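Hello,

Here is the structure I promised to pass on to you. Please open it alongside this email, and my notes on it follow below.

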Amino acid sequence: MTTFVDLTAWLAAEPADAALTDVVQTIAATCARISRVVASGALSGSLGAAGSINVQDEEQKKLDVITNDMLSEALKACGPVAGLASEEMEEVEPTGRVGGYLVTFDPLDGSSNIDVNVSVGTIFSVLPAPAGHAPVEADFLRQGRDQVAAGYAVYGPQTMLVLTLASGVNGFTLDAEGRWLLTHRAIAIKADTAEFAINMSNQRHWAEPVRRYIDGCLRGKDGPRGKNFNMRWVASMVADVHRILMRGGIFMYPWDAREPDKPGKLRLMYEANPMSLLVERAGGKAIGDGGDILDVQPTRLHQRVPVALGSANEVEAVRAEMRAG
Ligand code: AHG
Ligand code: MN
Ligand code: MN
Ligand code: MN
């Protein structure tokens, strides 16, 4: 029988300090608990709306609130965490400690899929905390390249944790005893793909470059991309990005004219940045409006960005369209 390395043993062999290891273990343990709440669905009364609106102007689901509370409580109790920020919280929350790390998270990604029993997830990003003072919002506003760890848990047919620390991307599967076992080593995204993921219902609202790129895919073998494309859209970023890490593809959530003043739907600090780090570390690319997402200098905690990420050659094709204007 195959024996698997567990997350604790794997972390011990990584060049991460004890404090960072503690933060990652805390997040992983909380995601394991979240997985049980998600799996219990109607049995625990956790489906449906919470009856509140979050800072994003979205209707919160009960699970958005429950998972946010679970992660917040666990991270506040985790010694090396100086501050946290979440999709579901208006302001950053200092923990009262100084130094160590900051954590930003999307506690429940794919809210629209909760009530229909389709994969959802949790996304997280770890940044260094400032030395010498309790963190304020400005301390969180660091480029994605400054992340010291990033990852997600996907609550699907299997619950998996996909993680990057100093280098490489590795995937762990949750077993029945609640242990994360290394099942996917050195995940790599192939450079070529014939599968795209985008919400096609927004097509009429896109800008010209995105329209041209997708039109090229839809024209298939005789079009500019020279091959026939398949399309997938789970509507949980975690699940769509997980598919891309497993078998390649391109995922896009571009700017669109429904909300012209917003650069996109997805949030930089706890969706785009952690996913972009994972994708780049796996050999893929991640761009916003033409530049790399990881180079964006954030100016606001909840800022949004357009996103195109995945297989390098397709992301470069999108970038070329954006440059052509
Ligand atoms: P969240 O549930 O954390 O608010 O994020 C939802 C995001 C993302 O997971 C997904 O890719 C996208 O919204 C789906 O958007 P559409 O409903 O427009 O397809
Ligand atoms: Mn949301
Ligand atoms: Mn999300
Ligand atoms: Mn969310």
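Helices α2 and α3 cross in a right-handed manner. The contact draws on T26, T30, R33, I34, V37 and V38 from α2, and on L63, I66, T67, M70, L71, A74 and L75 from α3. Sorted by class, the residues in this contact are 9 nonpolar, 3 polar and 1 charged.

Before going further, please keep in mind that this is a predicted model.

How do the two helices run relative to each other? Helix α2 spans residues 18-40 and helix α3 spans residues 62-76; their axes come within 10 Å and cross at roughly 155°. An angle over 145 degrees counts as roughly antiparallel, and α2 and α3 are therefore roughly antiparallel to each other.

If you follow α3 onward, you will reach a sheet. Helix α3 lies across β3, β4, β5 (101-109) and β6 (120-128), and runs at about 160° to β5. These strands belong to an open sheet of 8 strands, ordered β4-β3-β5-β6-β7-β8-β9-β10, with mixed pairing. At its edges are β4 (93-94) and β10 (180-184), each of which pairs on one side only.

Strand β3, residues 81-86, pairs with β4 in the antiparallel sense, over 2 bridges. You can find the pairing by looking at G83, whose bridge partner in β4 is P94.

There is another open sheet to look at, too. This one has 5 strands in the order β12-β11-β13-β17-β15, again with mixed pairing. Which strands stand at its edges? They are β12 (230-231) and β15 (285-287); each has a single partner strand, so one side of each is left without a neighbour in the sheet. The partner of β12 is β11 (residues 195-197): the two run parallel and are joined by 2 bridges.

Finally, a word on the annotation. An unreviewed UniProt entry carries the record "domain: Fructose-1-6-bisphosphatase class 1 C-terminal", covering residues 189-320. Over residues 189-320, the chain is 34% helix and 15% strand.

Do write back with any questions!

Best wishes

How values were computed
Residues are numbered from 1 along each chain as its sequence is written. Chains are lettered from A and ligands numbered from 1 in the order in which they are written. This is a predicted model: local features need pLDDT of at least 70, side-chain atom pairs count only at pLDDT 80 or more; totals for chains, interfaces and linings use all residues. Axes are lines fitted to C-alpha atoms, for helices over the stretch in contact, and angles run from 0 to 180 degrees between N-to-C directions. Helices (H or I, at least four residues) and strands (E, at least two) are DSSP runs, numbered from the N terminus. Angles under 35 degrees count as roughly parallel, over 145 as roughly antiparallel, 65 to 115 as roughly perpendicular and the rest as oblique. A crossing is left-handed if the near helix is turned anticlockwise from the far one by less than a right angle, and right-handed if clockwise. Two residues are in contact if their C-beta atoms, placed from the backbone, lie within 7 Å. Ala, Val, Leu, Ile, Met, Phe, Trp, Tyr, Cys and Pro count as nonpolar, Asp, Glu, Lys and Arg as charged, and the others, Gly among them, as polar. UniProt positions are given in the numbering used here, feature names are shortened, and annotations may be inferred rather than shown by experiment. Two strands pair if DSSP finds at least two bridges between them.
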